[in-house]
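Me: I would like to learn how to read the contacts between chains in a model. Please start with the terms.

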There are 4 protein chains.
Amino acid sequence: MKINRYVLSDDAKEAKKDYIDRHSAFVHCDAKAEKGKKFKVKVQVGDEYMHPDVPDHYIAWVQIWNGEKMLAQTTFIEGAFANEPANVEVDFYIVPTKNMKLTAMAFCSKHGLWQSDEVAVEVN
Amino acid sequence: MKINRYVLSDDAKEAKKDYIDRHSAFVHCDAKAEKGKKFKVKVQVGDEYMHPDVPDHYIAWVQIWNGEKMLAQTTFIEGAFANEPANVEVDFYIVPTKNMKLTAMAFCSKHGLWQSDEVAVEVN
Amino acid sequence: MKINRYVLSDDAKEAKKDYIDRHSAFVHCDAKAEKGKKFKVKVQVGDEYMHPDVPDHYIAWVQIWNGEKMLAQTTFIEGAFANEPANVEVDFYIVPTKNMKLTAMAFCSKHGLWQSDEVAVEVN
Amino acid sequence: MKINRYVLSDDAKEAKKDYIDRHSAFVHCDAKAEKGKKFKVKVQVGDEYMHPDVPDHYIAWVQIWNGEKMLAQTTFIEGAFANEPANVEVDFYIVPTKNMKLTAMAFCSKHGLWQSDEVAVEVN
């Protein structure tokens with residue numbers, strides 16, 4: 001099993017930017033959180049490009065991890081995005097107790113597993 | 001298997017209001033949506049009362065349904081809410097094509113399955 | 001949300017027997033189990049008729065319940081059955097502590113939720 | 001996020017053999033399969049050692065992958081193994097169309113993600 005990442009370091013990869021972008025998972029949240037308070041973490045798939053949502057090619061699930069611990073996973077049935085290209089998006093709400101290192105994973109039913117960059121959150 | 005609902009019609013049930021409230025699933029969204037546009041649907045468990053998040057008693061998953069079709073399911077690992085009482089909350093984003101009847105389901109690892117009231121969304 | 005059952009009580013339903021059969025969930029296991037010993041429970045979808053496994057019409061998940069407690073859920077990506085009609089099948093292994101009432105649920109991406117008959121297991 | 005593997009190459013690791021063994025995922029199946037015929041694939045967690053099934057420490061899910069494509073995922077609620085140590089086990093049934101490279105993943109709610117060795121299956 002291979003885990004893909006959003007890396008665009010040379011010409012060859014630049015040429016595949018749309019493919020890489022629309023499969024990549026992103027974590028969007030504040031850089032700081034308050035200990036014991038509910039904290040919103042958006043996971044989004046794709047940044048500048050949208051991913052198909054057709055029956056044989058769609059984002060089947062996303063996960064949110066803090067370090068080595070998975071916190072939650074959202075599984076989709078194709079058609080949730082009306083079979084139109086879209087940036088799959090879920091807002092998770094979690095309660096932090098100490099500094100976090102958040103990572104999102106996304107699974108495309110055709111192109112496998114994609115891991116986001118890690119996002120550090122300072123918790124006080 | 002029994003499906004529980006938020007019903008508080010007599011004295012006996014009123015006495016159990018906190019139990020019923022904190023397990024019940026709620027759909028929060030706008031009453032109208034635009035066809036083909038991404039639409040936010042919040043599923044929340046509990047309204048006035050919060051549910052525990054301890055290892056042997058937590059909300060293990062929530063689902064969002066449109067009529068008889070499930071659109072998405074979010075599964076939690078206990079501890080996502082720091083083992084403190086909380087209102088589990090997820091924002092799903094979907095793309096509607098026609099009028100919807102949204103229902104949320106929530107599963108408590110100790111007290112079974114809970115179904116929200118149905119929420120009608122007019123889509124134009 | 002409607003929960004479908006395998007009921008074939010009159011002519012109208014008899015005419016739809018293939019539709020009903022291939023969507024219905026069945027629990028297959030021994031009638032007796034030993035307390036504290038691993039116990040195999042097969043969940044199968046369809047009995048005499050097979051269900052499609054095409055991208056926009058497939059069995060998306062099955063669950064096994066003991067009374068009001070869900071024990072496990074298996075989620076499929078379409079194509080696990082090579083896009084050929086099949087009886088979706090999963091063997092769960094659980095450890096019983098007392099008498100059980102097992103129910104299986106199955107979700108078809110096109111035709112909704114189906115509940116099996118309850119199967120009683122005597123545990124000694 | 002770190003993916004753990006069953007590797008016992010030196011003394012330090014040998015000392016942790018029970019820890020590594022009971023978290024590791026294993027794929028058990030025949031070496032050959034018939035194209036278009038249902039094929040049983042057992043995923044088991046742990047080989048010589050059993051894993052706890054207590055509320056704050058249990059195997060929360062296992063997945064079966066063929067190359068980069070996930071085929072199915074089984075999610076457990078703690079207690080499915082009666083809170084006793086056990087080797088979590090699921091039999092998946094899939095239909096192969098060509099040679100497969102099967103990998104299992106297992107997620108422990110306390111000790112993260114574990115990947116099995118890849119198992120090649122010749123399909124004729």
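Reply: Two strands pair if DSSP finds at least two bridges between them; strands are DSSP runs of E, at least two residues long, numbered from the N terminus. This is a predicted model, where local features need pLDDT of at least 70, side-chain atom pairs count only at pLDDT 80 or more, and totals for chains, interfaces and linings use all residues. Residues are numbered from 1 along each chain as its sequence is written, with chains lettered from A and ligands numbered from 1 in the order in which they are written.

Me: How many bridges join strand β7 of chain A and strand β7 of chain B?

Reply: There are 3, in the antiparallel sense, and each strand covers residues 89-94. Asp91(A) has Asp91(B) of β7(B) opposite it.

Me: What is the order of the strands in the open sheet?

Reply: The 6 strands run β2(A)-β4(A)-β7(A)-β7(B)-β4(B)-β2(B), with antiparallel pairing. β2 (25-28) of chain A and β2 (25-28) of chain B are at the edges with a single partner strand each, so one side of each has no neighbour in the sheet.

Me: By what turn can chain B be laid on chain A?

Reply: Copies are superposed by least squares on the C-alpha atoms of residues with pLDDT of at least 70 in both. Here a turn of 180° and a shift of 0.0 Å along the axis give an RMSD of 0.0 Å. That is the relation of a two-fold axis. In chain B, the C-alpha nearest the axis belongs to Thr74(B), at 2.0 Å.

Terms used: Helix = DSSP H or I, 4+ residues; strand = E, 2+ residues; numbered from the N terminus.
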